[in-house]
Every structure is written in structure tokens, then in C-alpha cells.
Amino acid sequence: MSSTSASFDPRVLRAPHPVPGAPDNWKRFFTFNTDAKVIGIQYIALALFFLLVGGLLAMIMRGELITPPADLVDPSVYNGLYTMHGTVMLFLFLFPILNGFNNLLIPPMIGAPDMAFPRLNALAFWLFPLFGTILMVSFFVPGGPSTSGWWAYPPLSTQNPLGLFVNGQFLWILAVALSGVSSIMGAVNFVTTILRMRAPGMGWFRLPIFCWTAVAAQVIQLVGLPVLTGGAVMLLFDLSFGTSFYQPEGGGDPMLYQHFFWFYSHPAVYVMALPVFGIFSELFPVYARKPLFGYEFVAVASFGITFLSLIVWVHHMFYSGTPQWMRNLFMATTMLIAVPTGIKVFAWIATLWRGRLRLTTAMLFCLGGLINFIFAGITGVMLATVPVDIHVGNTYFVVGHFHYVIFNTLTFGVFAAIYHWFPKFTGRLMYEGLGKLHFVLTFVGSTLNFLPMHWAGLMGMPRRVASYDPEFALANVLASLGAFLLGVAMIPFLLNLVSSWARGERASANPWQAIGLEWLLPSPPPLENFEEDVPTVLNGPYGYGLNRPLVADEARYIARANASPAPTPTPASTPRRPEP
Amino acid sequence: MTTALWIVLGLLLDGALSRWMVAQVPHWLPVQASAAAPHVDALFALETGIGTFLFVGCVTLILITVLFRRAPKYDMVNGDPIEGNLKLEITWTLLPLLIVALLTWQGIRVNTTLATLGGKQRVSGGTEAMAVSAAATTTGTGALAAPYGPVRVIARQWSWEFVYPEGVRSAELHLPVDQPVQLELVSLDVLHGFYVPAFRLKQDVIPGSVIAYRLTPTREGRYRLRDSLFSGAYFASNQTDVVVESAEGFQTWLREASKQAPHPSWNPARELHERRLRRGDQGWATVPPAPPPLVNVGLDPQASHEA
């Protein structure tokens with residue numbers, strides 16, 4: 001490590017976020033810090049930790065499922081593992097890591113100094129370790145964690161076999177409710193920031209797609225989460241205080257819960273998918289060196305998805321005694337989602353077409369994610385078709401489809417985003433060789449893991465089983481091997497993260513020659529991004545090859561960003577503006 | 001000119017590949033053993049065809065750019081600065097709309113043909129559910145008429161029990177072939193799912209509701225009936241068989257069954273739970289399994305199923 005604090009722009013050093021090589025900077029991550037960039041990295045680091053926890057649970061599950069009988073763990077333990085795997089991956093990995101990207105990217109992308117409500121932002125983050133701890137503690141209470149699945153359908157979830165007040169299910173509901181509170185706080189913040197704090201000249205149709213999708217996704221949070229939280233509170237009352245909202249014996253109906261649950265939890269997939277669509281829309285133009293094809297269509301399609309996502313939830317209940325007219329209606333609305341998502345997919349392909357592709361690790365993850373997403377979209381339409389869903393619903397076909405969405409598309413997008421923006425926020429480049437190894441292992445592992453599941457489901461293997469008939473063995477052996485390979489794939493990734501952070505090559509302000517406000521800032525950006533000198537936006541994003549400036553005085557901003565931090569102290573690294 | 005040729009050739013190849021995939025569909029599915037199965041499979045095959053065509057088309061375009069449009073190292077040149085094409089964008093908005101409209105129409109058509117779901121009656125709990133289902137009669141006219149039934153399907157944690165109009169009780173479901181049959185689905189504890197993959201049919205069994213359900217088996221044989229909605233610790237073991245027999249075979253079975261004294265059926269969940277207790281009740285909390293149903297014909301652990 002050659003760096004000393006002398007080589008840093010003083011503006012950078014004043015920032016509470018990490019500056020590689022600067023003394024004691026890691027301690028900043030364990031404080032109630034209100035800087036969006038610190039909070040973003042806090043979210044991402046903790047979420048990646050929980051990705052490992054969730055992945056470990058998945059590998060134990062796949063160890064159980066590599067043979068037909070239940071022989072590795074007790075079936076009740078298997079049920080707890082799969083419940084917690086789903087809960088951890090959704091509530092402790094995907095939601096938080098995407099909130100992390102919202103925190104890192106939204107302010108610099110729109111030229112804002114920070115989030116609209118920095119303290120609320122920090123509070124929203126600090127709820128995350130709290131409910132994460134509650135969920136982890138639930139492994140160690142008498143009776144173990146929740147074993148009723150991440151849907152927690154009553155009356156199973158309210159059975160409470162040991163009769164204890166504090167039980168795994170109780171803690172699970174508490175954690176999910178806290179996660180909802182945290183997400184609502186985040187949503188208020190992200191929406192307000194994008195609505196109110198854009199740089200001069202940045203109208204809606206000059207806004208980067210990532211910010212469009214962030215608003216579209218966070219609107220779903222604001223509309224849907226109160227319903228889930230209300231449903232969860234009633235479930236808690238049924239479980240702990242003897243009410244009967246969902247108990248037929250007291251005049252309740254278990255179907256009511258399913259409506260509350262899916263009214264939010266289906267759109268929740270779009271809360272996670274939309275920002276990743278944003279990531280794809282940001283990255284394809286950079287690495288194909290072309291403008292985003294049909295930018296306005298892609299932007300507006302985000303809100304088409306938001307609207308439709310709120311009126312499709314009954315497709316999770318086609319075989320729950322739903323009347324025929326309702327099945328037909330929700331089949332139609334669900335299928336319609338193929339239209340706005342189709343617009344996005346075709347636009348990405350058209351963006352690639354006649355481009356000059358740079359196959360960086362980030363681009364590889366985007367391309368892999370796009371191909372997987374097309375596949376997931378097709379199986380999604382199959383699942384929307386009522387008669388087909390009645391056969392494959394609640395089977396491994398759904399598990400395969402869901403993981404093609406949630407891992408093979410969304411997590412691929414998350415990895416792409418990490419490789420793409422890591423240099424911006426740490427000032428270091430990640431190693432491409434390790435990155436490509438990570439991509440190849442992940443692509444092979446995830447295909448091996450999730451593709452054979454479709455076949456098992458078509459043959460009639462129900463999801464959530466701890467044991468199965470021998471005819472499903474082949475698909476399950478392949479899936480298990482894939483799952484273990486995915487575990488191996490994490491090794492080069494973690495190695496890359498840690499070693500690049502510590503001693504990776506210094507990143508310039510704009511290592512990918514990307515167009516966007518965040519690339520007009522030094523890497524890492526100063527505490528308040530552009531501070532008082534916010535650029536005036538002249539044109540829409542993604543102007544590759546169009547020879548038009550993004551902002552007024554672009555050359556000055558580029559020079560200023562490149563001036564610091566420099567690898568060695570040079571006269572140019574002196575800040576242009578006097579210290580206050 | 002050459003471009004047009006390439007496009008036509010590509011579309012033809014894509015079409016041929018999609019047809020081949022459609023031909024593979026039967027290999028991915030269990031045998032068709034109910035009147036519903038051919039309809040469901042035809043719809044799935046249609047979607048497989050359209051899906052393959054779109055998937056192969058899109059992936060081919062992506063691969064062409066990846067193979068032929070890679071920038072050499074240190075090449076800083078941009079691609080063609082195309083910002084959009086309104087005609088193309090309208091096309092790829094309308095085309096998916098047409099496809100999903102077609103699929104929705106086909107889906108509704110098949111839904112109407114299958115008409116599996118009868119009425120649903122709300123009850124306050126297990127006792128009332130048993131009384132209501134016992135009093136049920138076969139109803140409906142025309143396509144909805146069921147010459148046989150109602151057979152009561154009683155789901156518990158973790159066993160299946162079937163009660164026939166003749167009073168026979170069994171732990172595996174016997175049905176006469178080619179006769180529409182009416183079922184009354186009852187759960188005595190939590191949600192369960194009545195799922196027979198060879199029938200392509202699935203219906204949740206909901207505590208607090210008695211659900212009338214109709215299906216027509218069309219092929220003799222022994223098929224798996226699985227619990228499809230997660231129901232707790234021994235969910236995976238909660239499976240039994242459907243035995244579809246000729247009308248005479250079914251009558252013979254009913255006669256023989258009625259001669260057998262009711263006895264507790266063999267129950268895999270109970271075996272697993274006893275094993276757990278022997279090993280010191282390790283594992284996470286679960287309710288104990290309900291006592292196995294008293295039936296004339298129990299489960300046969302040795303029987304092998306076709307699908």
C-alpha cells in the first residue's frame with residue numbers, strides 16, 4: 001500500500017465514506033451515519049453476508065434433496081431451512097442490496113448531495129440489522145424457527161405446537177413487519193429525493209432509467225406494503241392473542257390472508273425486478289456503446305409494470321377455490337405484464353444490435369441475466385395460463401421459474417451492478433479475471449441448479465418437499481450439483497471484493513467511459529457529490545456516439561473529477577476551490 | 001437482398017426448431033389419465049412452441065452481436081448511434097399483446113371446457129365440514145352431471161381418507177374409468193392440495209370450506225395423488241395413489257372392500273414421527289400426526305405407480 005492521505009483530495013477525505021488507504025475508515029461503517037454513500041455500502045455489505053447465510057441454508061437443503069428419502073435432516077428441520085432460505089434471500093438479501101444501490105446511485109445520478117431525509121435513511125438501514133438479528137435468533141428459540149414457509153399461510157402458521165408465546169413464527173412475523181416499516185421509510189425517501197432533488201435541467205425524460213425504475217418500484221412499496229403489514233399484524237394476533245381473523249372456527253377465513261399476502265408479495269417481485277431492469281438499461285448502453293433504444297418507451301413501461309403488478313395477485317390462488325370468472329380475469333391481467341416487460345427486453349436487444357460490445361464482467365452478467373430473463377418470461381406466461389398453472393402450480397416448475405427470475409435474472413443484475421459501480425464508490429477496480437471466473441461458475445451453476453427443476457415440476461414433483469419419489473432423482477441430483485457449484489462460485493467473488501477493495505488498481509473517475517452524472521464525479525465521490533456546483537443537464541442520458549454534451553461545461557466537470565483522487569500527488573490534485 | 005434471405009432462413013430454422021420442441025412436450029409430462037389432460041397438454045404445447053420461437057429468436061440476435069460486434073481491446077469507437085424506431089417499438093408492443101390475447105382466449109376456452117370446480121360452502125370447522133360433505137349429493141346437469149359420487153376426500157395432517165357413497169372407506173382413491181365423478185373436498189386441520197399429476201388437476205383443500213370438484217378419469221392405472229399445498233412437518237409423505245379401474249373392476253373392489261373390517265391404515269407420517277420420538281424428539285417443533293384413518297382398504301407401501 002503506497003497510499004498516504006496526502007494523495008487524496010481533501011474533499012474526499014472529509015467524506016465519512018471509506019477512502020481506501022485512509023486511516024481508520026472502516027470504523028465509519030459501524031456508526032449511525034447519515035451519508036447515503038455509507039448507508040449504501042452498509043446495506044450492500046450486510047446483504048452480501050446474508051446472501052452467504054441464505055446460500056448455506058440452500059446448500060443444506062440441496063444436500064437433503066440429492067437423495068429421494070428424508071435422510072440428512074429431520075423433515076421439520078428441512079421445513080425450517082426452506083422457510084428461512086426464502087425469507088433471508090428476499091428480506092435480508094435482495095431488498096436490502098437494492099436499497100443499497102438506491103442509496104449509492106440515486107443522489108449522484110440526479111446531482112443531489114444526499115437523500116432527502118438522511119436521518120430517516122439511516123434509521124431505515126439500522127432496522128435491517130435489527131430484524132436480521134431477530135430472524136437469526138429465531139433459529140435458537142425452543143421449537144426452532146418458523147417452519148411454515150415464507151408465505152406463512154394460516155392455519156398452519158398459527159398452529160404453535162409448543163404453545164410458547166415467543167416462538168419462531170412470532171419472531172418471523174415481527175421481523176417481516178419491521179422489514180416492512182424499514183422499506184416504507186426507504187420508499188418515502190427515494191421517491192421524495194427523485195421528485196424534488198434533481199439537477200437543474202433534468203426533466204423526467206432526461207432522468208436515467210435506474211431512477212425511473214426506482215420510483216416505479218418504490219411506489220409499489222408505498223401502495224402494497226401497508227396491506228401486507230396489516231395482514232401480518234392480524235396473523236400475529238391470531239397466533240399470539242387468540243383472535244380468529246383467519247380461523248374458520250371463529251368465523252374467519254384462511255383465504256383472506258392469501259389475498260393480503262399476495263396483494264403485496266406478487267408486486268414485491270417487481271419491487272426487486274424493476275431496479276434490476278434499471279441496471280440492465282444503464283449497463284447495456286455503456287458496454288454496447290449505443291444509446292438506449294427507445295428510451296421513452298422503456299421509461300414509461302416501468303410504470304406500466306407498476307400498475308399491472310398491483311392487479312395480478314390472484315394468479316397465486318388459481319387452485320385455491322377461486323371462482324372461474326376471477327381466474328379468467330386475473331389470467332388476462334397477468335398475461336398483460338408480458339407487454340411492458342417485452343418492450344424492455346426488445347429494447348435491450350435492439351440496444352445491443354450494431355453496437356460495439358465490450359464483454360466486461362458486468363456486461364457478461366447483464367447478457368446472462370437477459371437470456372435467463374427471456375426464459376423466465378416465457379415460463380411466466382405459461383404459469384399465468386390457468387389450466388397450465390393448475391397442473392404445474394405449487395410444483396418445482398414454479399420453483400424453477402421463480403429462481404430464474406430471482407437469481408438468474410435479478411441476482412445476475414445485482415452482480416453486474418457491483419462490478420460496474422464498485423470503482424465509482426471505492427475508487428478501486430475489481431479484477432476482471434476473477435470476475436469472469438465468477439460469471440462462468442455462476443452461469444453454469446445456476447443453469448444446472450434451476451433448469452432441471454422445470455422438468456421435475458412438469459412430471460408432478462410438489463415444491464417444499466423434504467423427500468420425493470425416485471422418478472425425480474435425476475433432476476434433483478443435477479440441481480444439487482448446480483447448487484454446490486453456486487457455492488463455489490462465491491469464492492472468486494468474495495476474493496475479488498476483498499482484495500480489490502484493499503489493493504485493487506486505482507480507478508479513474510470514469511473507467512468505463514460511461515455517460516451519466518455519477519461519472520462526472522471523482523471516484524469515490526466527495527461527501528456531498530457536486531456540492532454547490534451542481535451541473536445543468538442539457539440532454540437525456542445514454543448519448544453514446546451522438547456527440548452531444550450531457551451537461552453544461554462538461555469539460556470542466558470532467559477535468560475536476562479526474563484531478564482527484566490521483567495515484568500520486570501532483571499539482572493537479574490540488575482542489576480548485578478554496579477550503580471553506 | 002441477402003439480409004432478407006438470412007431473415008427468412010432464420011425464421012424457417014426457428015420455426016422448425018419450435019416444432020421439434022412441441023414434439024418433445026409429451027416426454028416431459030406424465031401419462032394423460034383424465035379428460036382434462038389432453039386440453040392442458042395442448043395448451044402447454046402451444047405455449048412451448050411460441051415460447052421456443054421467441055426465445056431462440058431473441059437469443060440468436062444476442063449471440064450474433066456477441067460473436068460479430070465485439071470491440072477489439074482498446075477500441076474506443078462507439079456503436080451506431082440509433083436512438084429508437086417508432087414503428088419497431090409499436091410492433092413489439094402490439095405483437096406480444098396479440099400473443100397474450102390469443103393465449104388468454106385459449107385459456108378461457110379450456111377453463112370453460114374443464115369446468116372442474118363446483119360450489120364452495122363455508123363451514124365453521126371440521127365437524128360441520130364432515131356433516132355437510134356427508135349430506136352432499138351429485139348435482140348439475142349436462143356437462144356438469146356426475147354419474148358417480150360424491151366421494152368425500154378428507155385431508156388431515158398427514159393422511160388422505162376417501163369415503164364412497166356406498167359407505168366404504170379407503171386410504172387410496174379408487175375411481176371407475178370414463179365416468180365423471182364428483183368429489184367433496186374437506187380439510188380437518190390446515191390447507192392441503194389435492195393434486196394428481198396424471199390428471200393435470202389440482203385443487204386446494206381449505207379448512208372452513210367444503211368444495212365440490214368434478215373430474216373424469218380416462219385411463220386405467222395407478223397414479224400418484226400428492227398433497228400440493230405445504231401442510232407442515234410430514235407434508236412430503238402425505239401422498240397416496242389413485243387407482244382407475246374398469247366399471248366392473250371398480251364394483252368388485254367396492255364389494256371386496258366392504259367385507260374388510262375397518263382398520264388403521266399404514267401411514268408414513270406416523271412412522272416418521274415414531275422414528276423421531278425414538279431418537280429423542282430431535283428437530284424443530286411440529287404438531288403430532290393425526291391418528292391414521294380407520295379404513296376398509298389401507299395404503300399399500302409396496303404398490304408401484306405409473307405416474
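Which residue in β6(B) stands opposite I154(B)?

A: That's V186(B), which sits in β6(B). A quick word on the ground rules: this is a predicted model, where local features need pLDDT of at least 70 and side-chain atom pairs count only at pLDDT 80 or more, while totals for chains, interfaces and linings use all residues. Residues are numbered from 1 along each chain as its sequence is written, chains are lettered from A and ligands numbered from 1 in the order in which they are written, and side-chain values use heavy atoms, with hydrogens and water left out.

Back to the strands. β2 (residues 148-156) and β6 (residues 181-187) of chain B run parallel, paired over six bridges. Strands here are DSSP runs of E with at least two residues, helices are runs of H or I with at least four, and both are numbered from the N terminus; two strands pair if DSSP finds at least two bridges between them. Both β2 and β6 belong to an open, mixed sheet of six strands in chain B, ordered β1-β9-β6-β2-β3-β4. At its edges are β1 and β4 (169-170) of chain B, each pairing on one side only.

There are cis peptide bonds to check around here. One links G149(B) to P150(B), with omega about -5 degrees, and P150(B) is part of β2 of chain B. Another links Q157(B) to W158(B), also with omega about -5 degrees; W158(B) falls in the loop between β2 and β3 (159-163) of chain B.

Chain B has another open sheet, with five strands in the order β5-β11-β10-β7-β8 and mixed pairing. β5 (173-176) and β8 of chain B are its edge strands with a single partner each, so one side of each has no neighbour in the sheet. β5(B) pairs in the parallel sense with β11 (residues 239-245) of chain B over four bridges, and P176(B) faces E245(B) of β11(B).

Now for the partner chain. Contact (heavy atoms within 4.5 Å) involves 90 residues of chain B and 106 residues of chain A. About 8,300 Å² is buried between the two chains, with 66% coming from carbon and sulfur atoms; buried area is the accessible area (1.4 Å probe) that two parts lose on being put together, summed over both. W92(B), F230(B) and W284(B) supply 10% of the area chain B buries against chain A, more than any other three residues.

Eight salt bridges link chain B and chain A, each being a side-chain nitrogen of Lys or Arg within 4 Å of a carboxyl oxygen of Asp or Glu. One of them is D75(B) with R356(A), whose closest N and O atoms are 2.3 Å apart. Elements giving two or more residues to this side of chain B include β1 (117-122) and β8 (201-205), but α3(B) gives the most, with 15 residues. R276(B) and D74(A) form another salt bridge, at 3.1 Å from N to O. R276(B) is in helix α6 of chain B and D74(A) in the loop between α2 (36-65) and α3 (75-110) of chain A, so this pair joins two chains.
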